[in-house]
Each structure stands twice: as structure tokens, then as C-alpha cells.
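Thanks for coming. I'll go through one model this morning, starting with the single chain and ending with the pair.

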There are 2 protein chains.
Amino acid sequence: MTKSSVNPSIRRRSLLTGLAATAAATVTAGAAALPRSAVKAWDMSIDVLVIGSGSAGVCAAIEARQAGAEVLLIESLSQLGGSSGMSGGVVYAGGGTALQKALKVEDSVEQMYRFVSLAGDVHPPLDKIALYCEESPAHFDWLVAQGIPYTQKLTLAKGLPMGDESLYFSGTEQAWPARELATPAMRGHVPGVVGMNGGRRLMEALLSRAESLGVSLRTRVSADRLVTESDGRIAGVIVTIEGEPRAIRVKRGVVLACGGFIHNREMLKLYAPKLYDCSVPWGNVDDQGDGINMGIAAGAAALRMHEGFAIAPIYPPENVISGIVVNASGQRFISEESYHGVLGDAITYHQKGQAWLITDQESSYNFQQDNFLPVAEGSSINAIAAQLNFPSGALQQTVAYYNQHAINGDDPMFHKSLTYLRPLQGAPYKAWDLSVTQAFFPAHTFGGLHTALDGEVLNSFGDIIPGLYAAGRNTAGIPTAPYIASGLSVGDCTFFGRRAGRAAAAANGDLA
Amino acid sequence: MTKSSVNPSIRRRSLLTGLAATAAATVTAGAAALPRSAVKAWDMSIDVLVIGSGSAGVCAAIEARQAGAEVLLIESLSQLGGSSGMSGGVVYAGGGTALQKALKVEDSVEQMYRFVSLAGDVHPPLDKIALYCEESPAHFDWLVAQGIPYTQKLTLAKGLPMGDESLYFSGTEQAWPARELATPAMRGHVPGVVGMNGGRRLMEALLSRAESLGVSLRTRVSADRLVTESDGRIAGVIVTIEGEPRAIRVKRGVVLACGGFIHNREMLKLYAPKLYDCSVPWGNVDDQGDGINMGIAAGAAALRMHEGFAIAPIYPPENVISGIVVNASGQRFISEESYHGVLGDAITYHQKGQAWLITDQESSYNFQQDNFLPVAEGSSINAIAAQLNFPSGALQQTVAYYNQHAINGDDPMFHKSLTYLRPLQGAPYKAWDLSVTQAFFPAHTFGGLHTALDGEVLNSFGDIIPGLYAAGRNTAGIPTAPYIASGLSVGDCTFFGRRAGRAAAAANGDLA
């Protein structure tokens with residue numbers, strides 16, 4: 001991290017020092033949203049309170065501050081940056097961004113919209129997707145203006161660039177059936193830094209920008225409960241600072257932006273049972289669903305709580321894509337070149353969490369790696385099938401069918417690109433375990449609060465809860481399952497985070 | 001319907017006649033839960049208010065009344081009985097019920113628990129399942145005591161009995177892999193009436209019982225909003241009677257029991273997008289999610305909102321089970337003898353809503369039926385495959401593999417029972433469309449409010465919302481996706497409805 005995001009002056013600076021020594025409100029164990037009548041006095045007052053320091057929260061804070069609001073951003077952990085800071089830092093952008101144009105990558109809003117709306121789950125939030133695509137070039141310009149460094153370099157290699165390239169195919173655009181739904185274009189925009197440091201660099205820039213604008217950033221402050229007026233409007237938030245509850249009056253709006261719930265095992269079991277079984281919770285340890293739960297307790301609706309990404313990152317290296325992936329019946333069920341999120345979704349949600357990558361000599365991992373362990377090895381497909389106890393003759397038939405067509409450059413079932421298509425031949429054959437419990441199978445949640453286009457949180461009757469906004473993985477946004485491209489989540493966080501911040505700052509709050 | 005459930009004396013009788021002419025409260029458009037301060041005066045007062053007249057609501061009302069409470073049950077439609085009255089009326093019961101014993105059907109609580117907990121979705125609600133199984137024999141005795149008629153007859157035929165048999169295999173117990181998880185036993189208990197009238201007969205008995213106990217039953221009264229005290233306790237309910245809002249003070253507890261949301265297209269798209277596409281909404285037209293939405297607005301958590309049943313009722317006739325079901329890749333993916341709910345789940349949730357039943361002369365539907373239309377017909381499998389544009393050679397390979405093993409009495413992939421296993425041979429071959437949008441594909445929702453074992457509604461922090469109870473498809477209960485047996489939903493409704501009613505009656509309400 002550069003000094004900006006870990007600078008003690010940020011982390012220790014506080015609007016909250018000098019709080020009244022007596023806590024103004026006590027959180028009743030088990031209370032849902034607190035009625036304002038339970039708050040005897042406020043410890044402080046602010047225009048906009050942002051909860052969470054990932055990309056959604058910081059973008060909200062920047063916009064709210066630029067709109068003239070006094071903004072306090074609180075983070076429960078000691079480190080700013082949230083799960084965005086731990087991510088690849090990819091923003092899915094297109095429709096003709098400045099970087100796409102500079103690199104002669106052709107794209108259109110229409111094709112981007114087609115891809116995002118058609119290649120994932122049925123009935124995605126079309127209004128959000130349309131807005132996101134239409135404003136994508138302008139949003140990318142804004143990211144650049146915040147100081148995020150992008151290089152004018154692209155790479156055709158699959159997978160997050162480990163060099164300093166800033167544009168690549170971050171999703172499943174080129175794999176069948178997506179490539180028939182929309183013209184593929186490179187839309188993964190990633191900070192131009194060597195190594196997997198894009199998320200850190202993205203957050204350094206955004207945090208530095210927020211600081212320079214005068215957003216107050218405060219770590220080790222957790223939000224516990226929303227405080228509601230009797231008419232349902234959000235009056236403020238009870239937070240915990242150094243073990244003590246404090247009551248913050250929020251004059252314009254609260255922005256919930258503190259992430260999903262992949263680290264909350266109880267919530268996973270209740271809401272997203274299939275993600276519960278995935279081996280690696282992917283995200284910040286405080287992705288505990290707090291923001292979602294605070295919203296629900298205040299009457300908000302939460303959508304698609306079962307959905308998330310569950311990724312099977314079989315490539316790089318790309319040579320393994322010439323292997324085949326099979327289910328417990330020894331059948332192929334997907335093009336092996338599909339993006340990690342699409343393959344992972346198929347295994348997690350639709351194949352009971354089990355699959356195997358079958359490789360021959362050339363398509364084998366040719367280095368020591370721990371993501372997927374070889375569970376069978378032999379001089380023939382028969383040997384592999386016997387070791388794994390596939391249904392009699394099933395894997396053999398699958399390979400025979402695949403080879404028979406591959407030799408003619410054809411993959412009738414899943415239309416694997418010619419780049420990767422060739423018969424499996426040449427011992428040793430190996431089977432690699434892609435099961436969600438045994439493999440390296442990162443997962444993250446996508447379910448969250450129901451929001452309108454400006455981040456207004458909606459109740460179960462579709463009405464706005466006044467004073468309450470949310471963004472990022474506190475909301476049900478652009479990312480659904482299957483996750484069709486890296487960058488859709490951080491893209492959604494930054495884009496809708498900005499809108500939530502602007503709307504919160506403009507809210508006509510009760511100034512009492 | 002017998003006179004008991006349509007008796008004008010029930011439908012017209014009302015505790016609400018003589019209400020104050022001026023409405024005591026006005027429901028603000030878009031209000032979530034109403035604060036009690038918004039209620040100027042109550043129009044009436046009752047110990048327990050039950051919302052919904054399906055099996056969950058009526059069982060709750062019976063138990064609450066028997067516990068000494070004054071009980072009002074309201075129904076939004078003009079007809080009592082809810083979706084239970086339209087159902088088969090099957091209750092999934094076991095562990096040695098009186099009927100199982102009389103018919104020499106061996107069963108144990110342990111095997112029933114194994115089946116219900118292992119054959120469906122991962123991480124089901126084990127506490128509810130355990131209680132349900134342990135108390136199943138006693139619950140069945142209670143149903144008998146309410147006057148529901150069961151005959152001492154069973155049938156081995158698959159599918160809801162059209163004769164007067166009262167016990168049958170209502171689920172997927174005998175199909176692989178379920179039969180390896182638990183010893184199969186007949187657990188579908190259905191009123192002994194000829195024709196598909198079990199649900200009507202069940203509700204007639206329960207409604208008659210409720211009436212005789214002195215439960216006030218009122219139709220054409222819809223519930224709009226819960227009224228909450230400032231501490232979150234439920235104070236009452238705003239209802240609509242003849243177009244006017246009325247405020248009902250509830251002294252002990254409100255029981256939400258007004259069904260799922262399969263008829264609410266907007267909710268389906270938001271919460272359960274895959275069920276949105278299914279052709280036939282299965283249930284009462286007022287399954288609009290009102291109870292769920294009222295609960296959410298009061299801060300309740302809702303679980304598994306994406307889940308439901310989506311059924312592909314390919315049998316009877318059983319001869320078609322000797323056909324094979326294939327996906328868009330021409331692959332089998334399930335044992336064709338699986339219960340309708342299991343097959344339907346596989347198609348709806350895991351095969352992108354598409355599948356085909358392939359039959360030969362003997363396994364064809366041999367009568368005019370409209371549930372599934374033939375979309376290809378020919379003298380060979382080649383002809384079928386060509387007409388449906390399956391991947392080159394894929395269906396042919398599937399049939400060859402299936403036949404090669406079937407002739408030896410083996411089904412290596414899905415272990416179809418020998419009863420149904422034989423090679424496909426003998427033109428004409430046909431393909432029947434099992435797609436969710438084109439076939440007869442009934443669907444219903446399973447997601448609902450998070451409840452404790454006595455129906456107490458829980459908020460997002462896992463705490464009880466005082467005074468609020470729910471049961472049946474207003475809750476996330478025993479039924480999850482896949483739906484593994486008929487009778488789990490009405491079984492859950494009746495069993496947990498009773499508990500919710502008892503708990504509501506016993507609640508130490510504010511008598512102010």
C-alpha cells in the first residue's frame with residue numbers, strides 16, 4: 001500500500017474524538033432497527049455517513065463530498081480498502097471507453113448490453129444493466145480522473161494480466177454460447193501494475209482522492225444498528241468505537257457499503273447453501289453481511305441471496321483448456337474455455353459440486369500447483385475411469401466422441417475454440433479434482449438489498465426507505481450467478497457507489 | 001365442497017360487523033410496517049389473528065382456539081381453503097404412523113429423517129426436519145382426530161391415487177440415489193376419496209373443526225400492513241374490508257399464513273427468476289406474497305426465496321418411464337423414475353429449462369394428452385436427433401449406451417429400477433417437449449420468512465419479532481428445492497401451523 005491508504009493520519013484521524021463520555025444510546029441485544037425514541041442524545045452529527053471502505057463506499061464518499069456534503073466514512077477493520085482492495089481491481093467497462101479506443105478495440109454499448117444481460121442468469125436487473133452500459137465510457141473517464149493508472153497496453157492471454165497490461169478479455173465473451181449472443185470485446189480494465197496488485201492500486205487511488213477532498217475516514221468503527229424515525233426514515237446509526245456504543249445523527253443519508261457475507265457461515269447456510277460448501281471464502285474477513293442485515297432489520301427487501309460467484313480457475317496455463325471437464329456421470333457439460341466464474345457456477349450450482357479435469361500429456365499442468373490435485377493417473381482413459389469409478393464405459397465414450405470430432409476441428413456439444421481443440425492422446429492421462437470442497441474454489445456472495453438506480457434502498461413493497469442508500473455487495477446489483485466476467489462486481493461497486501453517494505448528499509434530510 | 005367449508009354461516013359470519021364507521025387508521029401508500037402512533041383507534045381487538053385459510057392458517061386457528069384464545073381467521077378471497085384446498089391434500093408422514101402400522105408398512109423416524117434431510121438440497125433446516133419426523137406419528141393421529149378420513153388401503157402405483165387409497169409412495173424414495181440414502185417407505189398420506197379431491201376433503205375437515213371450536217372465519221378480508229410498537233412488537237394489523245381500512249388490535253399474536261408468491265410475477269422475477277419461466281403457477285391466485293412482504297417490512301428475514309417446486313409430471317402412465325429424458329446435449333441427466341419434483345427441479349434449475357422425453361413404441365404416451373407435446377417423430381433415433389438438432393451423433397450415442405446396458409439389466413449412470421429398464425427399440429420413436437415454458441410445468445414457491453420451531457418470526461439478527469408468527473408457505477420450512485415428495489408442503493403447513501397457533505395463543509401479549 002502506498003502511504004495514502006495506510007497513512008496514520010487517515011486511520012487515526014477522527015471526527016469522533018471528544019465524544020460525550022456517556023453513551024447516548026444502548027443497543028438492546030436483539031434489537032432490530034432502533035426507534036429514535038431509544039436514542040437519548042446524539043454523539044455527533046454528519047450529512048452523509050458511509051459504512052465500509054471498499055470501492056463502493058469510497059466512490060460514494062467521493063461523490064457525496066463533491067456534492068458539498070460533510071462525509072464520514074467508517075471501516076470496521078484496521079485497514080481501509082475492503083474486499084475491493086484484495087481483488088484483482090478489474091472494472092468491466094466498454095461501449096467504447098477511452099482505453100478501448102486508444103487500443104483500437106471495437107465495442108458498442110449495444111454489444112456490451114447484450115453480453116451482460118444475456119450471458120448470465122435469467123431475468124437479470126435490466127434497468128441497472130442498461131444504465132451501467134450506457135454510462136460505461138464516462139465512468140471509465142471518471143476512474144482515470146481519480147488517479148487510477150491504466151496503461152495503453154492489452155493482452156490476448158486468458159486470465160488476469162500479471163504484466164502491466166490494462167485491457168484484456170476478463171470474461172466468458174469468447175466461449176460458446178456467449179460469443180453467439182454478443183460480439184466479444186475486451187472489457188476488463190485493470191490498473192497497469194505488475195503482479196496481482198490491481199485491487200490495491202485501485203483503492204490507493206480512490207482513498208487518496210477521498211482524503212484530498214476532505215472525506216473523514218475512520219477505521220475500527222463498526223456499525224451496529226440503524227436508527228429509524230417513527231415514519232420509517234433513517235435518523236442515524238449506532239456504531240461501536242473502542243467497545244462503546246455511539247449514536248451518529250445522519251442528516252442526509254446513510255450509505256451501506258460494507259460488503260457481502262461470504263465469511264458469515266450461518267448466513268451462508270441459511271441463504272446460500274451451495275456457497276457454504278465452497279472451500280475458500282473470497283473477500284475481506286468482515287464480509288459478514290452486517291450492512292445487509294441492518295437494512296433487512298429496517299424493513300428492506302433482499303434479493304438473490306443464494307447467488308454468488310464460485311470460481312474454478314483452471315487456467316492459466318492455457319494448455320489445460322485442451323483437456324476436458326466431466327461430471328460424475330463422465331459427461332462433459334461445458335466448454336472448458338469458459339471463464340472461471342461460468343465453469344465454477346456450473347460445478348457449484350448444477351453438478352452437485354463435483355467435476356474433474358481430464359488431461360493428457362500435453363494438456364496436463366506441467367508444474368507443481370496446489371489448486372487442483374491429481375486424483376487419478378494412468379496410461380489410458382480406461383485406467384482413469386476405473387480409478388474414479390465412473391459409470392461403466394461412460395468416460396471412455398465421452399473421450400471417444402470428443403476425439404472423433406476434435407480431429408476434424410469440431411466440438412458439436414460445446415463448440416470449444418479451435419485454439420484449444422485437439423484430441424486427447426498421449427499418456428500419462430490424469431484426472432484433477434475440481435470439487436468445490438477439495439479444490440481451490442473461491443466463492444463470494446452477490447445477494448443483497450433491493451435498490452433503485454440511485455442506491456435508494458427499497459422495502460418489500462417496492463417503496464424507498466427514506467435516508468437509506470446502499471451499494472456494492474450490500475446490494476443485489478449487476479453481478480448474478482453465473483458470474484460471466486471479472487470486473488462486473490467492482491464495476492458495479494464503483495458505478496452504483498458513486499450514484500448512491502450523490503443521491504445521499506442531495507437528500508432533503510431532516511435537519512432537526 | 002361439503003357445506004361445512006362453503007357454509008354461508010361461516011363465510012358471512014363476522015366479528016367485524018358493527019365496526020366504527022370511521023376508519024381508525026389510514027394506510028399510507030408505500031408505508032412499510034405502520035407505527036402504532038399512526039393508529040388513532042382500534043376497530044376491534046382479538047387474542048390471535050390468523051391471516052390465511054389454507055391448511056397452515058386453519059391448523060393454527062384450531063390450536064390457538066383450543067388453547068383458550070379468541071381467534072379470528074381472515075381470508076382475502078371469497079372461498080376458504082387456500083392453496084391446500086387446491087392441492088392433492090397429501091401429508092408426508094412416517095416413522096410408524098397408525099396407518100403405516102395398520103397396512104404393515106415398515107418405517108422408522110430415523111429412515112424418514114435420513115430421506116428428508118439427505119435427498120433434497122444441501123444444508124436443509126435440520127432442526128425443523130428432526131422435529132417433524134419425530135412427531136410425525138402423533139401429528140397423523142391429530143389429523144385423524146380432526147375428522148380427515150383415511151382408508152386402510154395402499155397402492156403401489158406411482159402418482160397420486162385416483163382411487164380411494166390413502167397411502168402410497170408420494171416421493172422419490174425408490175429412485176436412485178435416494179433409495180441408497182434411506183430405506184424407502186410409503187409416507188404419502190392422502191384423504192381416502194376417489195379422484196383428485198384430497199386437498200378439498202382435507203380442508204373441509206379442518207375448516208369444519210375450526211368452526212365447531214368457535215374460530216371466527218371471515219372471507220373477503222385482506223391484510224395490508226402490520227402495526228408495530230416502537231420496540232418492534234407487533235401491535236395489530238391493518239386490514240381492508242369492503243374497500244375500507246380497519247385496524248385490528250391483536251393481543252397475543254398474529255399468525256401469517258397466506259401462502260407463497262407464485263402468482264406475483266414481479267416478486268418471481270426479483271427473487272426466483274427460474275420459477276418465473278415455468279408455465280403454470282400452481283396455487284391460489286392470492287398467493288401474492290403478501291404475508292412474506294408484511295413480515296419483511298417489519299424487519300423479518302426471508303430465506304431461500306429462489307426455491308420452489310417446479311414439477312414435470314411425466315407419469316402416469318408408468319410405461320413412459322421406460323423412455324429416456326435427455327438435455328440439450330442429448331445426454332441423460334437423471335433417472336426417469338424420479339419423482340416429478342426431482343425431475344422438474346433438474347430441468348428448471350440445472351438444465352436451463354429444457355429437456356425432452358424420448359420414447360419408443362412401447363414407452364410412448366398411448367392416449368391423447370396435452371401435458372407434453374410431441375416435437376419429433378420418426379422411424380429411427382437418427383430421425384429424432386436430426387429433427388431436434390441435437391449435437392451430431394450425441395443422442396444416438398446416448399441411446400446406444402443406454403440400450404447396451406439395459407439389455408443386461410444395468411443402468412450404470414442413473415440406476416433405473418428393473419421395473420422400467422429395457423432397451424429403446426421399436427418405431428415410431430418420439431420426442432416430447434419437457435421445457436418449462438412449453439410443457440405443463442406447474443411451479444410453486446418455497447421461500448419465506450425465517451422462523452423458529454414454534455413459528456416465531458425472526459429478524460435478520462436471528463431474534464424474535466415479538467407477537468409475530470408465521471407458518472406454511474409464508475415461511476422457509478421443510479420443503480426445499482428439489483421437492484423430493486408430495487406432502488412435504490402440506491405436511492409442513494399442518495405441523496408447523498399447529499405449533500404457531502399454540503405459541504401465539506400462549507404469548508404474553510400486551511393487553512393495553
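Before the contact figures, one definition: two residues are in contact if their C-beta atoms, placed from the backbone, lie within 7 Å. Keep in mind that this is a predicted model. In chain A, take the contacts with a separation of 6 or more: 77% of them join residues 24 or more positions apart.

Now the overall form of chain A. Its secondary structure comes to 17 helices and 21 strands. The C-alpha trace spans about 75 × 50 × 40 Å along its principal axes. For 512 residues, a compact globule would have a radius of gyration near 24 Å, and chain A agrees, with 24 Å. Of those 512 residues, 62% are buried.

What about the interior? As a general point, nonpolar side chains in soluble globular proteins tend to be buried together. Here the largest nonpolar core has 329 residues. The members that touch the most others are A:A60, A:V254 and A:V255, along with B:A60, B:V254 and B:V255. Take A:V255 as an example. Leaving out residues up to four places away in sequence, A:V255 touches, among others, A:V48, A:V50, A:I51 and A:A60, and also A:Y469, A:A470, A:A471 and A:A500.

Next, the domains. Domain 1 of chain A is made of three segments, 3–86, 199–308 and 442–506. Domain 2 covers 91–195, and domain 3 covers 312–433. Taken over C-alpha atoms, the centres of domain 1 and domain 2 of chain A are 26 Å apart. Where they touch, 21 residues of domain 1 of chain A meet 29 residues of domain 2 of chain A. On the domain 1 side, α10 (198–213) and α17 (488–506) of chain A each supply at least two residues. The largest share of that side, six residues, is from α10(A). By class, the domain 1 side has 12 nonpolar, seven polar and two charged residues.

Conventions
Residues numbered from 1 in each chain as written. Chains lettered and ligands numbered in written order. Predicted model: local features only at pLDDT ≥ 70, side-chain atom pairs only at ≥ 80, totals over all residues. Core = buried A, V, L, I, M, F, W, Y, C linked by C-beta atoms within 7 Å. Buried ≥ 20, exposed ≤ 12 C-beta atoms within 10 Å, placed from the backbone. Helix = DSSP H or I, 4+ residues; strand = E, 2+ residues; numbered from the N terminus. Rg over C-alpha atoms; globule rule 2.2 N^0.38 Å. Domains from an automatic or database assignment. Nonpolar A, V, L, I, M, F, W, Y, C, P; charged D, E, K, R; others polar.
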